[in-house]
Amino acid sequence: MARVVPAASKGLRLGRGQVFSYDALIKRAADMAKAPYQSPPKPRPDIVQQIDYEAWGNIRFRPDYALFADGPSAYPVTFFHVGQFFQKSVKMHVLEHGVAREILYSPDYFSMPKDSIARKLPNDTGFAGFRLQESRKRDDWRTQDWIAFLGASYFRAIGALGQYGLSARGVVVDCAEPTPEEFPDFTEFFIEGAQKENHPVSIYALLNGPSLTGAYRFSIRRTEGVIQDVEAVLFLRKDVARLGLAPLTSMYWFSEAEKRQREDWRPEVHDSDGLAIWNGNGERLWRPLINQPFAVTSSFADKGPKGFGLMQRDRSFENYLDGVNYERRPSLWVEPLDDWGPGAVQLVELPTDDEIHDNIVAYWRPEAPARAGESYRLRYRLHWLADEPYPAHVARCVATRIGRGGQPGKPRPKGVYKFSVEFAGAALDPLWGDTVKAEPVVTASSGTISDAFIEPVPGTRRWRAIFDLTPNGSDPVELRLYIRGNGDALTETWLFQFRERPTA
């Protein structure tokens, strides 16, 4: 039986100490990959299944029991209870001076209603996840957190505007394949606190799933938003049809680009509105997100990408008119810290009819097939901010609008669509003079482009490129556009996948 050691935090209990190193965690993951998969424990499923969203929300960790509530780390740690949507228990350890001690579960750590079904769970139930609270120097640290790990290999952080939104994941396995997607779990965490606010918190995690295992090291800094340096080593038990590294997951329902009649009273609803890519050749790409009629995967081939991310560019409250702060949701940028070689940034867009579903996934897929026995090592940095960490010198796309083609006041031709793509940025300032000859450069994978031109957007410093598209079949049309001035690109490259939809 484990020897129980009292922690500095009031009432929190720890198990016997064990020597810990990241190299040893990697070896554990490698050894696990050679053995048959074993699922993480699910304590009393008959009870946990009854802890629905409302009941789970009424179970709150008592901040007085937080790890590091009284120091020495600057950021206290609180824990999530298991429930209907988070049924697997995850082992938690505190790591100090190279020694790890398991944090032992107790129902006393949580406040819950007297009639809560959770009171029937055994004393060894375990935790579902954890989160880092704000600095102990802040009066509101007990109620304000800034990063959370909860469910499978999901985690999320607030951005520079103080709001949660999209999530990151440890890995993606067979997303949008004919077979069911696999969701590996972080099964153990090792938490090493930061001695000062400007120091990183170190989190180590063990990953396990039917097809692969992994060891992760997160170095997490609370800055204007949140910055995470990630090291990952993955070991494949089985062949994986689609392996996605550094994956991001978000929600997109509709924006100014496409909204079905009477679908919702709000102008826009989304956590992210586009995929930004800075490819290995230095080109900046912007792909607005689409609520597709069925699962669609888009692939952007590259070699040694400089970065990619799911962005929330629209920051105007008037474009959401909702109290859930969509205009403050973070953007999340992935910056490779070593050469990832050939592969592709892939974007998966699933259909949704509500904002409660994450239907967008973006990740890096290596070019070589993912075979059993292979291993992967990668390093990258996650920037949870309001915008891209490395702004481009060219102007960027700020809106995509689609309507009927033709000209106002004249009969509108059937089957013709007008696009108005708006750009903003200092690179467009010369267009207000007479020294730059500028034009839109538009291409389409099929169909016909006509009547393309640029003009300023009245009352703003923005410019828009306008063109008509006449599709010549039912296949989707891949569109590509940028504004060229005096032979140089003045904007990033806008990409869009257009498909005709049945009219309501």
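1. Two strands are said to pair if DSSP finds at least two bridges between them. Strands here are DSSP runs of E with at least two residues, helices are runs of H or I with at least four residues, and both are numbered from the N terminus. By that criterion, β30 and β33 pair in the antiparallel sense over 7 bridges.

2. On provenance: the model is predicted, so local features need pLDDT of at least 70 and side-chain atom pairs count only at pLDDT 80 or more, whereas totals for chains, interfaces and linings use all residues. Residues are numbered from 1 along each chain as its sequence is written, and side-chain values use heavy atoms, with hydrogens and water left out.

3. Individual partners can be named: isoleucine 466 in β33 is the bridge partner of serine 420, and aspartate 468 in β33 stands opposite serine 450. Of the 8 residues of β33, 7 are buried, where buried means under 20% relative accessible area, exposed over 50%, and partly exposed in between (1.4 Å probe, protein chains only). The hairpin of β32 and β33 has 6 residues between the strands, and within the hairpin glycine 459 takes a positive phi near 75°.

4. How many salt bridges does the structure hold? The count is 33, a salt bridge being a side-chain nitrogen of Lys or Arg within 4 Å of a carboxyl oxygen of Asp or Glu. One of them joins lysine 418 and aspartate 468 at 2.8 Å, N to O. This pair links distant parts of the chain, with lysine 418 in strand β30 (residues 417-424) and aspartate 468 in strand β33 (residues 463-470), 50 residues apart. Lysine 418 is partly exposed at 21% relative accessible area, while aspartate 468 is buried at 2%.

5. Is glutamate 134 buried or exposed? With a relative accessibility of 5%, glutamate 134 counts as buried; arginine 138, by contrast, is partly exposed at 35%.

6. The side chains of lysine 137 and glutamate 197 also meet in a salt bridge, at 3.9 Å from N to O. Lysine 137 belongs to the loop between β9 (129-133) and β10 (145-150) and glutamate 197 to the loop between β14 (185-192) and β15 (201-208), so the bridge ties together parts that are 60 residues apart in sequence. Glutamate 197 is partly exposed, with a relative accessible area of 33%, and lysine 137 counts as exposed at 71%.

7. Glutamine 133 lies in strand β9 and counts as buried at 3% relative accessibility. What does the side chain of glutamine 133 reach at 3.1 Å? It reaches the backbone oxygen of glutamine 144. Apart from neighbours within four places in sequence, glutamine 133 is in contact (heavy atoms within 4.5 Å) with residues including Tyr75, Pro76, Trp141 and Trp146.

8. Threonine 249, in strand β18 (residues 243-250), is buried with a relative accessible area of 2%. Its side chain makes a polar contact with the side chain of arginine 169 at 3.5 Å. A polar contact is a pair of N or O atoms within 3.5 Å; within protein, one must be able to donate a hydrogen and the other to accept it, and residues adjacent in sequence count only if both atoms are side-chain atoms. Not counting residues up to four places away in sequence, threonine 249 touches Tyr154, Leu310 and Asp358, among others.

9. Valine 90 lies in the loop between β5 (77-80) and β6 (91-96) and counts as buried at 9% relative accessibility. Valine 90 and phenylalanine 130 are separated by 40 residues in sequence and by 9.6 Å in space, C-alpha to C-alpha. Once neighbours within four places in sequence are left aside, the contacts of valine 90 are Phe127, Ala128, Phe186, Thr187, Glu188 and Phe189.
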